[in-house]
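Q: Hi! Could you walk me through this one while I have it open?

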Amino acid sequence: MLFRSLLGKILATSIIGFVQSLLFLPLAFFIFDINNNIFLMLPILLLGSLTFSVLGVIFAIISPSSSAFHALMSIILIPMWLLSEAMFPLKNTFLDFILYINPMSYLVRILRIIFLNSDENLSFNLMALAIFLILLLFVLFLLIRKKSFE
């Protein structure tokens with residue numbers, strides 16, 4: 001029963017995040033040349049929303065209260081966003097290592113490759129984001145098992 005409710009929560013928040021992404025996508029057509037990559041963009045947005053939905057459910061499980069959950073989301077997600085190269089470049093700085101452990105940096109890089117027709121390796125970044133999703137699902141599974149034994 002717990003697994004079904006968590007799966008429902010993950011799918012619901014993923015769909016919300018995906019739909020919110022889709023609402024901004026028409027704006028991208030006017031700014032960037034992504035006409036050829038629209039069908040590539042949809043699964044990427046779905047992968048990103050799934051990854052961060054699982055991360056949110058993990059935070060919800062380890063949080064003792066809803067206010068602790070919101071605090072944890074702010075403390076973790078805002079620095080993840082700021083240190084993902086979405087705001088400023090981090091390559092060749094002393095914070096360069098953070099890019100490799102931050103799943104948001106891979107999503108930002110993927111979107112930058114598509115929007116700006118960058119020559120970075122798209123498949124590597126997609127694989128890294130998918131690996132983060134698998135790792136987060138594994139952590140979620142371990143947390144569920146631990147909670148069910150308590």
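What follows is a short chat about this model.

A: Happy to. This is a predicted model: local features need pLDDT of at least 70, side-chain atom pairs count only at pLDDT 80 or more, and totals for chains, interfaces and linings use all residues. Residues are numbered from 1 along each chain as its sequence is written, and side-chain values use heavy atoms, with hydrogens and water left out.

Q: Thanks! How many helices and strands does the chain have?
A: The chain has 6 helices and 0 strands, where helices (H or I, at least four residues) and strands (E, at least two) are DSSP runs numbered from the N terminus. The pattern along the sequence reads α-α-α-α-α-α. The radius of gyration is 16 Å, close to the 15 Å that the globule rule gives for 150 residues, so the chain is as compact as a globular protein of that length. That radius is taken over C-alpha atoms, and the rule is 2.2 Å times the number of residues to the power 0.38.

Q: And what box do the C-alpha atoms fill?
A: Roughly 50 × 35 × 25 Å, taken along the principal axes.

Q: How much of the chain is buried?
A: Buried residues make up 35% of the 150 residues. Buried means under 20% relative accessible area, exposed over 50%, and partly exposed in between (1.4 Å probe, protein chains only).

Q: New topic: which residues does leucine 50 touch?
A: Leaving out residues up to four places away in sequence, leucine 50 touches Ile10, Ser14 and Leu133; contact means heavy atoms within 4.5 Å. Leucine 50 sits in helix H2 (residues 38–62) and counts as partly exposed, at 23% relative accessibility.

Q: Where is leucine 99 relative to leucine 50?
A: Their C-alpha atoms are separated by 20 Å, and the two are 49 residues apart along the chain.

Q: Okay, how many salt bridges does a search of the whole structure find?
A: The search finds 1, with a salt bridge being a side-chain nitrogen of Lys or Arg within 4 Å of a carboxyl oxygen of Asp or Glu. The partners are glutamate 120 and arginine 109 (3.9 Å, N to O). Glutamate 120 lies in the loop between helix H5 (103–116) and helix H6 (122–149) and arginine 109 in helix H5, so the pair ties together parts that are 11 residues apart in sequence.

Q: Is arginine 109 buried or exposed?
A: Arginine 109 is buried, with a relative accessible area of 5%. Glutamate 120 counts as partly exposed, at 31% relative accessibility.
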